[in-house]
Amino acid sequence: MEKFLSLIKKDKQIIEDRLNLVYKNENEFEKMCAYSFSVGGKRIRAILLLEAYKSYKEVCDLALDFSVAIELIHNYSLVHDDLPEMDDDKFRRGVLSVYGKFGQSNAVLVGDELLNNANLIMVKAIKSLENIDEIKNALSSSEIILNSSGINGMIYGQFLDLENKIDSLNDIEIINSLKTGELFKASILAGAKLAGAGDKDLICLENYAKSLGLVFQLQDDLFDFDEDIRLNKKTFATILGKTEVEEKIEKLNKFAFEQINKISGKKEFFVNFIDFMKKRTY
């Protein structure tokens, strides 16, 4: 596990260095955009995309560009989540959110810019390619990311969450899979497709990603259990109870392990990632 944690740390630093090149801080608005991802973050989605690519090919600028793009998309969603019409939160990770520091209007614009720039980064990366198969794979990879972050994924999940019409566990699972799980899944599938992974591997990777995406949300439900009980919030944990949720996590981890061991690419990182997730405390 020490070797794995060292790899996570190394990947995170590579992505941080790349993110620091996105905006040159030449004006106040660029500084606001850079601030949005300078206040911390685990970079898990970017790391997953990078490692999925590395399962099939050596890391390159193309993979790094797509990793940065998905991190910008994730951060744009956080910036907009903090707005008054959404979660109304002036703080994120213990410091002022973009909304809290620069105001509501600027936060809207920063989120818009991060999403726009993510697309621009992917387009420029694709334009630099010459091999037709690499171009097709990169286009498919960008399609995976944009499909999962739009109306078929994260954005629609946020819409359903705001509607707050939860009548069953199925409603909760749909919202969680769209709002959180889709971008989690896209990170792994986009990285693998970018590197040319075959359809059989992509199916197994999708099953793996869906399982761990749900594990991620179930863990959050356990972490927030006492607060959610106080707020009378419906989650897997508050409805099923802690014990049943913990059992569900074990079953999902077992299924993820079975699926990842079916791929033809390198699988060590993703096997270890299951154990990493088990030890997650925040």
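On a 1 Å grid over the protein atoms alone, a cavity is a set of points where a 1.4 Å probe fits but cannot get out, while a pocket is an open set with protein on both sides within 12 Å along at least five of seven lines; lining residues have an atom within 4 Å of a point. Points are joined across faces, edges and corners, and a volume is the space filled by probe spheres set on them. The model is predicted, so local features need pLDDT of at least 70 and side-chain atom pairs pLDDT 80 or more, while totals for chains, interfaces and linings use all residues. Residues are numbered from 1 along each chain as its sequence is written, and side-chain values use heavy atoms, without hydrogens and water.

**Exercise 1.** Find how many cavities of 30 Å³ or more there are, and describe the largest cavity.

*Solution.* 
Step 1: The count is one cavity of 30 Å³ or more.
Step 2: The largest cavity holds about 70 Å³ of space.
Step 3: Its lining includes Y35, S36, N75 and R92.
Step 4: α4 gives the largest share of this lining, three residues (helices, H or I, have at least four residues and strands, E, at least two; both are DSSP runs numbered from the N terminus).

**Exercise 2.** Describe the largest pocket: its volume, its centre and its lining.

*Solution.* 
Step 1: The volume of the largest pocket is about 1,700 Å³.
Step 2: It has 46 lining residues, and D81, D87, K179, T180 and Q217 are the closest to its centre.
Step 3: Sorted by class, the lining has 19 charged, 16 nonpolar and 11 polar residues (Ala, Val, Leu, Ile, Met, Phe, Trp, Tyr, Cys and Pro count as nonpolar, Asp, Glu, Lys and Arg as charged, the others, Gly among them, as polar).
Step 4: α4 supplies the largest share of the lining of the largest pocket, seven residues.

**Exercise 3.** Work out how α4 packs against α8.

*Solution.* 
Step 1: The axes of α4 and α8 are 12 Å apart, at an angle of about 20° (axes are lines fitted to C-alpha atoms over the stretch in contact, and angles run from 0 to 180 degrees between N-to-C directions).
Step 2: α4 is therefore roughly parallel to α8, as angles under 35 degrees count as roughly parallel.
Step 3: I73, Y76, S77 and D81 of α4 meet M154, I155 and Q158 of α8, where contact means heavy atoms within 4.5 Å.
Step 4: By class, this contact of α4 with α8 has four nonpolar, two polar and one charged residue.

Conventions
Angles under 35 degrees count as roughly parallel, over 145 as roughly antiparallel, 65 to 115 as roughly perpendicular and the rest as oblique.
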